[in-house]
Amino acid sequence: MQETSPNSNNAGNSGNSNDSYGQWFDDWQDFLAPFFGENEITGAIDYVNSDNIPVVYELSGHGEVSVASGAFCQMIIEENAEIKTLELLSAEKVAVPKDCAALIIYAPSADLADAEKDALISYVKGGGKVILLSYHKTFLKEKMPNFTAFTKYMGLEAVEGIIAEGDSSKHYP
């Protein structure tokens, strides 16, 4: 019996089980396209077998950029995590929720209140994880003393400069 799967033509099969064989219909040239079905299946199995879904919070209230609609958000969702927004000052108690698996702080443009700074430091002291994305010019000590104090607690300091790889063999072509 002849095989009729997309990989039945060995000329287009690279030997990688994650490749799918196909053709461009405009000029009938062979191409390989990645197959992501395995990720979807294992993700579904993981989702069904998990007792709890991790919650990733994104801090808001300081002019942060939202990750709610983008590739980063999609990647988090594909890892079977839920994304929620966190406004520390709007809660009854100024604290990071206990179900927070990680906290995203994405390019804030305004400083934290003292109570928020203390809550974030407390969260990190308790083993909390933070993903901080920012532009160094917004993290000036004069403009954001509480954010600066929080990042200093984590051992981070915003400095002006350029990061460059000195080994040209590692440069992107």
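User: In which loop is the place of His 62?
Analyst: This is a predicted model, in which local features need pLDDT of at least 70 and side-chain atom pairs count only at pLDDT 80 or more, whereas totals for chains, interfaces and linings use all residues. Residues are numbered from 1 along each chain as its sequence is written, and side-chain values use heavy atoms, with hydrogens and water left out. Helices (H or I, at least four residues) and strands (E, at least two) are DSSP runs, numbered from the N terminus. On that numbering, His 62 belongs to the loop between S3 and helix H2 (71-78).

User: Is His 62 buried or exposed?
Analyst: Buried means under 20% relative accessible area, exposed over 50%, and partly exposed in between (1.4 Å probe, protein chains only). With a relative accessible area of 2%, His 62 is therefore buried.

User: With which side chain does the side chain of His 62 make a polar contact?
Analyst: A contact means heavy atoms within 4.5 Å. Not counting residues up to four places away in sequence, His 62 touches several residues, including Pro 108, Asp 111 and Phe 147. A polar contact is a pair of N or O atoms within 3.5 Å; within protein, one must be able to donate a hydrogen and the other to accept it, and residues adjacent in sequence count only if both atoms are side-chain atoms. At 2.9 Å, the side-chain partner of His 62 is Glu 116.

User: Which strands stand at the edges of the open sheet, and why is one side of each without a neighbour?
Analyst: The open sheet has 4 strands with parallel pairing, in the order S4-S3-S5-S6; two strands pair if DSSP finds at least two bridges between them. Each edge strand has a single partner, so one side of each is left without a neighbour in the sheet; these are S4 (82-86) and S6 (130-133).

User: Which residue of S4 is the bridge partner of Glu 58?
Analyst: Strand S3 (residues 55-59) runs parallel to S4 and is joined to it by 5 bridges. The bridge partner of Glu 58 in S4 is Thr 85.

User: What is the phi of Asn 80 near?
Analyst: Most residues other than glycine have a negative phi. Asn 80, in the loop between H2 and S4, is buried at a relative accessible area of 16%. Its phi is positive, near 60°.

User: Against which elements do the buried residues of H4 pack?
Analyst: The buried residues of H4 include Phe 147, Phe 150 and Thr 151. Phe 150 touches Ile 105, Leu 120 and Val 130, among others. The buried residues of H4 pack against S3, S5, H3 and S6.
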